[in-house]
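Dear colleague,

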Protein chains: 2
Amino acid sequence: MKIQEVARLAKVSTATVSRTINTPSLVSAQTATRVWKAIEKLGYYPNTNARSLVSGRSRILGLIVSDITNPFFPELVKGFEDVAIQQGYEILISSTDYDSDRMAICVRRMLERKVEGVAIMTSEMDKHLVDQLADRNVPMVFLDVGPLGKRISNIVVDYAMGINEAVDHLLKLGHRRIGFIGGPPTLKSARIRRTAFLRLLSRHGIGRDSRLVDAGDHTVDGGLAAMVRVLDSGPRPTAMLASNDLTAIGMMRAVRRAGLDVPRDISIVGFDDIRLAQFTEPPLTTVRLSRGELAERAFHALLSDLNGEPHGAEERVETHLVVRDTTCPARA
Amino acid sequence: MKIQEVARLAKVSTATVSRTINTPSLVSAQTATRVWKAIEKLGYYPNTNARSLVSGRSRILGLIVSDITNPFFPELVKGFEDVAIQQGYEILISSTDYDSDRMAICVRRMLERKVEGVAIMTSEMDKHLVDQLADRNVPMVFLDVGPLGKRISNIVVDYAMGINEAVDHLLKLGHRRIGFIGGPPTLKSARIRRTAFLRLLSRHGIGRDSRLVDAGDHTVDGGLAAMVRVLDSGPRPTAMLASNDLTAIGMMRAVRRAGLDVPRDISIVGFDDIRLAQFTEPPLTTVRLSRGELAERAFHALLSDLNGEPHGAEERVETHLVVRDTTCPARA
DNA sequence: GCCGCCGATGTAAGCGATTTCATTGAAATG
DNA sequence: CATTTCAATGAAATCGCTTACATCGGCGGC
C-alpha cells in the first residue's frame, strides 16, 4: 500500500497525492476529493519513515523523566502525551533512573530517532549530554535546572508561593514550632523549597530551631527516618512541612509509631499533591504542583520554538496549598 | 554526517560501512577496525529512518495501557521499557483512557510508525482494531483477554492462586464471615477474581451471603461506597477481600469512618500489590501480581515471535499473598 | 491577438541507509 | 598449472515519500 497505488487509482501523479495530504491549498478541490476517495478506499496511510527521511522532520519529541514509577511523573507523562498527540507529535519516553549511563543511552536514542525537541524533566543532567543535543540544534525545555542557551527554555516552578501559603495556614492555626523535612540536598528543587521555608520563618520572626529541620530523600522511608530523628532530638514540633508527599507519608507513619496523632498532636503538610495524597488516612494537606500544567507548558515551549514563534526563555508555574485533613489548630 | 563520509574517511564503500555495523562477520578484521575508527572520529550514528525504510524493520514496539496514571501501570511500563531498550527496541506508549476513539488513534499511530509488535495491556479492545493490526501481520500479546489467532499470544494471570492463598490465610486466622468487593463487571479480570473467590468459599463449605459481596469500580471511592453498603446491609463481616488495592484502600477508609478498626474489627486483603500498598496505614496485606514479570513475559512473547522462535500462545503468571498488617485473627 | 502570469499538475531528483549482484584476488583442488 | 571456490569488497538499485523544477492551459492586460 504505497502512494503510487493511490496515485494510480485517482489517476494523478504521486506528487499530487502527497500534496493533497500535506499542502491541500495547492490542489484543486475536484482532484482533492478524488484523491481522498482513493485513499479511503485503499486504506492508505503514509509511511512515516519515508516521510521523515525526505522531509527531515520526524514529528517525534523526547520526554526524559527520572523514574516513571515515582508517582510524580505519570501525570506529567500523560499530560505531555495528550497534548503532543493532539498536535500530531509522537513521544519517546525515557526513564533515567538517576543513572548517567542510562541518560547517555537515552540521549543517543533520541538522536538516532531524530527527535525534534526534548523535554528534560529530570533533576540534573550531564553537561556533555545536553551539549550533544544542543550541537544538533535540538530545542530543549528543562524543569528548574535548565542552563541558558539558544533554543533552551526553562519551566520555573514558584515553590515559594505554595510554601508561603502553607506557612501562613499553619501560622493562622496558631502553630509556632514548625519544622521541615527536606529532600536530597543534591536536588536543586529540594534546596529551593528548603530555602523558601527558612526564609519565610525568619520573615515571620520565628527563630530557627535546627532540631526541627532535617532531610530525607524524597521517599517514604526517608521521611519516616528523618521524622524519627526530629521526634527524638528535642522539643516536639506542632507542625511539619515536607519537601514532597512521599516524605510526608513517611512522617505521618513516624508520628503514629511514636503514639501520637496526626493532626491533633502534629500537623503535617506535604508537597506536590500526588494523586495518592487524597487517599492517605487522613487525607493529606499539601501544596499542589500541577503536573498537567507543567507538561503543557513544557510542550508549548518546544512547539513555539519549533514553529519559530517568539517565546520567553522561562515559563512560570504556580503552586498552591490544598487543605485537607492533616492540619488542625495547634494545641494550647 | 552520513555513511558516505565515514566511507570516505575509512577509504571503503558505503556497503562496507553498513556491513561492519550490521553484519561484522562479512568484513575483515582489518577493515572493520579502520571503519570503526572513522565512525568514532566522526561521531557517526545511523539514521534510523533511512534504515527502517529500506530494511522494513522499525525496531519499535507498541505498548498500549489503559491509563498510565493508574498506579498499576507505571511499573509495567518501566519493566517493558527496561527489557526493550536492552534488546535495542524502542517503545511507543499509548494510554487509551478506556476511550475507543483514542484506541483507534493509537492503533493508527502504531501502524504509521510501523511497529513490529504490540503489547495490549488494557482491558478490552474493539475487534476491528485488533484486526487492523492482525491484517498487517503485526504480532500481539494480550493480558488475559486475548483472542486466539496467528501471531497472538496471551499472558494469563493465575488470579485464583493468590486469592486461594488469601482465603486460606483468613480461614487460618479463624475468619468465617468473609466478604468481597469486586471490580467493574465489564472487566474480565475482575469477573475472574470474583468467581475464584466465590468458588473457594463454597469449596470450603462456607455459605455465600450476598450481603457480603458487592462491587466497586477499582477506584478508592468505589471501594469506599461499596464497603459502606456492606456495613449497612446486615451482619458485619470479619474479613473482606478486594478486587484491587485501590478498592481496598477505599474499604479501609469506610471501615474507619464507621468507627471500626482495621484489622481488629475487620481484616482487609487487597489485590495487585501496587507500590502504595506498603504505605497505607497500616500497610496492606494484599495479593501480589508482579508487573515486572508481566512486562517481561509480554516482551518475550513478542520477541520470540519476531525472531521466529517457537513459543506457546499462552504464558502463565502467578499471584501470591503478601501478608502485612491489615489482617489479624478473627475475634471470638 | 500576443505576452506574461498563475494555478494545477506532472517529472524526476533526492533523503540515507541496506542489500543484491558483480568483481577481484588468493587459496584450494585435481 | 588450470580451474574452482571463497572471502572481501564495491557499484548500484531500492525503500516510499517530498519537493524543486518543468509544463501546460486559461485568462487578463495592453
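The following paragraphs set out what was found.

This is a predicted model, in which local features need pLDDT of at least 70, side-chain atom pairs count only at pLDDT 80 or more, and totals for chains, interfaces and linings use all residues. Residues are numbered from 1 along each chain as its sequence is written, while chains are lettered from A and ligands numbered from 1 in the order in which they are written.

Strand β1 of chain A covers residues 60-65; strands (E, at least two residues) and helices (H or I, at least four) are DSSP runs, numbered from the N terminus. Six of its six residues are buried, so β1(A) is largely enclosed by the rest of the structure. Buried here means that 20 or more other C-beta atoms, placed from the backbone, lie within 10 Å of the residue's own. Ile60(A), Gly62(A) and Ile64(A) cover one face, and Leu61(A), Leu63(A) and Val65(A) the other.

Strands count as paired if DSSP finds at least two bridges between them. β1(A) runs parallel to β2(A) (residues 90-95), joined by six bridges, with Leu63(A) opposite Ile93(A) and Val65(A) opposite Ser95(A). Five bridges link β1(A) in parallel to β3(A) (residues 117-121), where Met121(A) is the bridge partner of Val65(A).

These strands belong to an open, parallel-paired sheet of six, in the order β2-β1-β3-β4-β5-β11 of chain A. β2(A) and β11(A) (314-317) are at the edges with a single partner strand each, so one side of each has no neighbour in the sheet.

Yours sincerely

Methods
Buried ≥ 20, exposed ≤ 12 C-beta atoms within 10 Å, placed from the backbone.
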